[in-house]
Amino acid sequence: RVLQLMNLTDSRLAQAGNEKLELAMLSFFEQFRKIYIGDQVQKSSKLYRRLSEVLGLNDETMVLSVFIGKIITNLKYWGRCEPITSKTLQLLNDLSIGYPLGKAPKIPGKREDSVRKLVKLSAVQFMLNNHTSEHFSFLGINNQSNLTDMRCRTTFYTALGRLLMVDLG
């Protein structure tokens, strides 16, 4: 239901949005990521069957695509809203790490498959190739860079850097 609501609210963001609702959706995404994304997850779980039936999301790659789509949408429409931008960038950062805290891969230094899947998504490739204020307004909000703007930029480029390094091992 949250994903269906997200589709509805995102389609209306050009007219208006609700900051509290967006923050609630980001909290949902964070909890979902911790529980259902990564190598620790049973891929045949009932959740993935249900997502396939209701939304046509057949696997983890499709769910990751929805996450990245939401991240890009938030960074496009909510760039001037620091709480949403920060929480959105934290989600991107967490996805780029590849596993929930405390659930490190069994082989030290080996990234999980979810990060490799993430890098192959066209939306992630778009971010890697178009990381400017033209596409992400929060990057160009303030030429006098305050501390919050600098933190957001740092989080954004740290996550993009991690994604660039995935194939390099």
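Is Asp10 buried or exposed?

What we have here is a predicted model, where local features need pLDDT of at least 70 and side-chain atom pairs count only at pLDDT 80 or more, while totals for chains, interfaces and linings use all residues. Residues are numbered from 1 along each chain as its sequence is written, and side-chain values use heavy atoms, with hydrogens and water left out.

Back to the opening. Asp10 is buried, with a relative accessible area of 17%; buried means under 20% relative accessible area, exposed over 50%, and partly exposed in between, using a 1.4 Å probe and protein chains only. Its partner is Lys70, and the two form a salt bridge whose closest N and O atoms are 2.7 Å apart. By salt bridge I mean a side-chain nitrogen of Lys or Arg within 4 Å of a carboxyl oxygen of Asp or Glu. This pair joins distant parts of the chain, with Lys70 in helix α4 and Asp10 in helix α1, 60 residues apart. Helices are DSSP runs of H or I with at least four residues, strands are E runs of at least two, and both are numbered from the N terminus.

Lys70 counts as buried too, because its relative accessibility is 1%. Asp10, Glu22 and Lys70 are linked in a network of salt bridges.

Let's stay with α4. This helix has 18 residues and reaches 26 Å from first C-alpha to last, close to the 26 Å expected at 1.5 Å a residue; the expected span is 1.5 Å times one less than the number of residues.

Glu60 counts as buried at 3% relative accessibility, whereas Lys117 is partly exposed at 26%.

Now for the greasy part. The largest nonpolar core has 41 residues, and Ile68, Leu92 and Phe156 have the most contacts inside it. Such a core is a set of buried Ala, Val, Leu, Ile, Met, Phe, Trp, Tyr and Cys residues joined through side-chain atoms within 4.5 Å. Its largest share, seven residues, comes from α4. Leaving aside residues up to four places away in sequence, Ile68 touches Leu92, Leu95, Leu118, Leu121, Ala123, Val124 and Met127, where contact means heavy atoms within 4.5 Å.
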